[in-house]
Amino acid sequence: MLKINNISFSYSKEKTTLKNIHFNLLKGEHLSIMGESGCGKSTLLKVIYGLLDVNEGNLFWKDHEILGPAFHLVPGMDFFKYVPQDFELMPYTSVAENISKFLSRFYPEETKNRTQELLEVIEMEDYADIKVKNLSGGQQQRVAIARALAKEPELLLLDEPFSQIDNFKKNSLRRKLFSYLKEKEIACIVATHDGNDALSFSDTLIVIRNNTIIANGHPKELYSNPKIKYIASLFDDINEIEINGEQKLFYPHQIKIVEKSDKKATVTASYFKGFYWLIEVAYKQQKLFISHPSDIEKETIISVHF
């Protein structure tokens, strides 16, 4: 449904922000875009929504070409919804009024039911009558998502959608939101730093580096077989170890502490992570991180296997 054909974009002549970006998105498919800050994730969402004009290439939604402000007095696509990081809510009206803003006033009962449905999706039923200016940043973020969903867009664009939401709410909200989008067959593109968004809820993952796509595939495949350290580091701490003259990548859980081994390391620190400890060790003049079920005293000599 969405076709991005080798687009490039620059804010200035001196620096390219996006270069030769190419991918497709199917109906109801969920795509995550990952990469370090400044790589072009947010800019790509703005281009897709029609807020920016590309320098090269073109974009299509079905047979409709997506054009920017040079072609539209009011930029943005009617059948897309975009939730930026600054939310753009109406602070002096209630949560319910923000969500129902774009719904029909001629069918008040339907509008009321739709608003209630979305309040349940974002788990804010008790805040319906609270003014937005009195909400926390995380709560405002949830309201912005609900408002974007009010008229059931064909494509939802989310820029760091859970960045201000507390962890105890984030996990529940993610499950509920992405299940809702799948149920309604709403396609979704998420620009995120959080590997959990990509691994648990995406059908496809794109990785951007130096303003171009360096990986495009299923999240499980990119996690299990990262081609380079940069990709692996988006998901977890990563160890790069030379074995027989070749650099190999290992996540902390892939290195084991064993009773006997010819590979010796010295514990330099340990960090409690809840159900496991992250053990930092010195091995052949380099730092490694190892997941382990218990703490290990500093300066302990251990045997490792990888």
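## Leu-156 and the main core

In this predicted model, Leu-156 touches Lys-81, Val-83, Ala-148, Leu-149, Leu-181, Ile-186, Ala-187, Cys-188 and Ile-189, leaving out residues up to four places away in sequence. Leu-156 also belongs to the largest nonpolar core, which has 35 residues. Leu-156 is among the residues with the most contacts inside that core, together with Val-95, Ile-99, Leu-149, Leu-158, Leu-177 and Leu-181.

α2 (95-100), α3 (108-121), α4 (137-149), β7 (155-159), α5 (167-183) and β8 (187-191) each give at least two residues. The largest share, 6 residues, is from α4. A second core is separate and has 30 residues, including Leu-2, Ile-21, Leu-52 and Trp-61.

## Overall layout

The protein has 306 residues, and 46% of them count as buried. Its secondary structure comes to 8 helices and 17 strands. Along the principal axes, the C-alpha atoms fill a box of roughly 75 × 45 × 35 Å.

Residues 24 or more positions apart account for 61% of them.

## Helix α5

α5 has 17 residues. From its first C-alpha to its last it reaches 24 Å, close to the 24 Å expected at 1.5 Å a residue. Its buried residues are Lys-170, Leu-173, Arg-174, Leu-177, Phe-178, Tyr-180 and Leu-181. An α-helix has 3.6 residues a turn, so residues three or four places apart point the same way.

The buried residues of α5 pack against β3 (30-34), α3, α4, β7, β8 and α6 (195-201). Just after the helix, Glu-185 takes a positive phi of about 55°.

## Ser-202, a buried polar residue

Ser-202 lies in the loop between α6 and β9 (204-209). Its relative accessibility is 11%, so Ser-202 counts as buried.

Two side-chain approaches stand out. The side chains of Ser-202 and Ser-32 are joined by a polar contact of 2.4 Å. A polar atom of the Ser-202 side chain lies 3.5 Å from the backbone oxygen of Asp-197. Beyond its neighbours within four places in sequence, Ser-202 is in contact with His-30, Leu-31, Ser-32, Asp-197 and Pro-219.

## Glu-29, buried without a salt bridge

Glu-29 sits in the loop between β2 (18-25) and β3. Glu-29 is buried yet has no salt bridge. The nearest side chain of opposite charge is Lys-182, 7.5 Å away. That separation exceeds the 4 Å cut-off, so the pair does not count as a salt bridge.

A backbone group does come within reach. The backbone nitrogen of Leu-26 lies 2.8 Å from a polar atom of the Glu-29 side chain. Glu-29 also touches Asn-24, Lys-182, Ala-187, Cys-188, Asp-203 and Thr-204, not counting residues up to four places away in sequence.

## Salt bridges

The whole structure holds 12 salt bridges. One of them joins the side chains of Glu-123 and Lys-176 at 3.5 Å, N to O. This pair links distant parts of the chain, 53 residues apart: Glu-123 is in the loop between α3 and α4, and Lys-176 is in helix α5. Glu-123 has a relative accessible area of 17%, so Glu-123 is buried. Lys-176, at 36% relative accessibility, counts as partly exposed.

The side chains of Glu-152 and Lys-184 meet in a salt bridge of 3.7 Å, N to O. This pair also links distant parts of the chain, 32 residues apart. Glu-152 is in the loop between α4 and β7, and Lys-184 is in the loop between α5 and β8. Glu-152 is partly exposed at 36%, and Lys-184 is partly exposed at 29%. Glu-152 and Lys-184 are linked with Arg-114 and Glu-117 in a network of salt bridges. Elsewhere, Glu-246 forms a salt bridge with Lys-248, with the closest N and O atoms 3.7 Å apart. Glu-246 counts as partly exposed at 44% relative accessibility, and Lys-248 counts as partly exposed at 34%.

## Lys-287

Lys-287 is found in strand β16 (residues 286-292). Lys-287 touches Asn-239, Glu-280 and Val-281, not counting residues up to four places away in sequence. Lys-287 and Ser-94 are 193 residues apart in sequence. In space they are 52 Å apart, C-alpha to C-alpha.

Note on methods: Residues are numbered from 1 along each chain as its sequence is written. This is a predicted model: local features need pLDDT of at least 70, side-chain atom pairs count only at pLDDT 80 or more; totals for chains, interfaces and linings use all residues. Side-chain values use heavy atoms; hydrogens and water are left out. A nonpolar core is a set of buried Ala, Val, Leu, Ile, Met, Phe, Trp, Tyr and Cys residues joined through side-chain atoms within 4.5 Å. Buried means under 20% relative accessible area, exposed over 50%, partly exposed in between (1.4 Å probe, protein chains only). Helices (H or I, at least four residues) and strands (E, at least two) are DSSP runs, numbered from the N terminus. Contact means heavy atoms within 4.5 Å. The expected span of a helix is 1.5 Å times one less than its number of residues. A polar contact is a pair of N or O atoms within 3.5 Å; within protein, one must be able to donate a hydrogen and the other to accept it, and residues adjacent in sequence count only if both atoms are side-chain atoms. Lys and Arg count as positive and Asp and Glu as negative; His and the chain ends are not counted.
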